Amino acid sequence: MSIPGYPSYPSSSSNASGLGDSSSSDGKKRLYHPYQDLNVPIHNLYHLPTSPDFLEEEALRPGRSWGENIQYYSGIGYLTGAVIGAGKGSVEGLRAAERGESLKLRINRFLNASGRAGGKLGNFMGIVGLIFAGLESGIVAMRDNDDTISSVIAGLGTGVLYRAASGPRSAAFAGAAFGRKHLLKRYVPL
């Protein structure tokens, strides 16, 4: 029996692959074919869709989801802060070296200063990115519009929330600074 779309295999008396499963009446072996007993053409067995399958509604929307935003902003903030802080701390560690110190002490001072400053600035910028991403995602969900106003409001809210413990005056200045930063980021190419 031959199946359309598949080559027919000739019978042979020596089957080196060991796939022969049945013998014909003349004693010759043939190769095993998994669809040999089906009476349906093979191309009718599988009807696969040609359109993409979306498991979630978010896949239809352009841009990043709220979870991706949080990971992106907090990750980029932490990484940037850690690198800049480590650079600043390493300069401070090199300047703090005293005459007559051994190389081991200088390396220890360098590593301690860069690690301390890098972790501090990295944590600060990571938290700011986390707050901003959460606020921006919430504002976009409430307004159902991702535009400049959402980013500016999220920047204002980030500054206010981050400095709220320092008092209302400090929170207002920080909110204005963060809001202005995100407004400039949208319109001024840096």
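Helices (H or I, at least four residues) and strands (E, at least two) are taken here as DSSP runs, numbered from the N terminus. The structure is a predicted model, in which local features need pLDDT of at least 70 and side-chain atom pairs count only at pLDDT 80 or more, while totals for chains, interfaces and linings use all residues. Residues are numbered from 1 along each chain as its sequence is written, and side-chain values use heavy atoms, with hydrogens and water left out.

The chain contains four helices and two strands, and reading along the sequence gives the pattern β-β-α-α-α-α. Its mean pLDDT, the predictor's confidence in each residue from 0 to 100, is 77, and 66% of the residues reach 70 or more. Over residues 11–23 the pLDDT is below 50, although this stretch has 19 contacts in the model beyond near neighbours in sequence, a contact being heavy atoms within 4.5 Å. Where pLDDT is low, the predicted coordinates should not be read in detail.

Of the 190 residues in the chain, 24% are buried; buried means under 20% relative accessible area, exposed means over 50%, and partly exposed lies in between, with a 1.4 Å probe and protein chains only. The chain exposes about 14000 Å², of which carbon and sulfur atoms supply 59%, the areas coming from the Shrake-Rupley method with a 1.4 Å probe, and for residues only the protein chains shown count as cover. Among the contacts in the chain with a separation of 6 or more, 51% are between residues 24 or more positions apart.

Helix α1 spans residues 66–95, and its 30 residues reach 43 Å from the first C-alpha to the last, close to the 44 Å expected at 1.5 Å a residue; the expected span is 1.5 Å times one less than the number of residues in the helix. The buried residues of α1 include Asn69, Tyr73, Ser74, Gly77, Gly81 and Gly85, and the buried residues of this helix pack against α2 (103–143). Helix α2 in turn has 41 residues and reaches 59 Å from its first C-alpha to its last, close to the 60 Å expected at 1.5 Å a residue.

Which residues make up the largest nonpolar core? This core has five residues, namely Tyr73, Phe132, Ala133, Ile139 and Ala154, where a nonpolar core is a set of buried Ala, Val, Leu, Ile, Met, Phe, Trp, Tyr and Cys residues joined through side-chain atoms within 4.5 Å. Helix α2 gives the most to this core, with three residues. Ala133 touches Asn69, Ile70 and Tyr73 when residues up to four places away in sequence are not counted. Leu130 is also found in helix α2, where it is partly exposed with a relative accessible area of 38%. Leaving aside neighbours within four places in sequence, Leu130 is in contact with Ile70 and Ser74, and its C-alpha is 8.9 Å from that of Tyr72, although Leu130 and Tyr72 are 58 residues apart in sequence.

Between α1 and α2 runs a loop that holds Ala97, a residue that counts as partly exposed at 28% relative accessibility. Apart from its neighbours within four places in sequence, Ala97 is in contact with Arg106 and Arg109; Ala97 and Arg109 are 12 residues apart in sequence and 7.4 Å apart in space, C-alpha to C-alpha.

Arg109 also takes part in one of the two salt bridges that the structure holds, a salt bridge being a side-chain nitrogen of Lys or Arg within 4 Å of a carboxyl oxygen of Asp or Glu. The partner of Arg109 is Glu101, at 2.4 Å from N to O; Glu101 counts as buried at 15% relative accessibility, whereas Arg109 counts as partly exposed at 30%. Another salt bridge joins Asp147 and Arg143, with the closest N and O atoms 2.8 Å apart, and Arg143 is partly exposed, with a relative accessible area of 34%.

Asp144 follows α2 and lies in the loop between α2 and α3 (148–162), where it counts as exposed at 71% relative accessibility. What is the phi of Asp144? The angle is positive, about 55°, although Asp144 is not a glycine. Most residues other than glycine have a negative phi, and most peptide bonds are trans.
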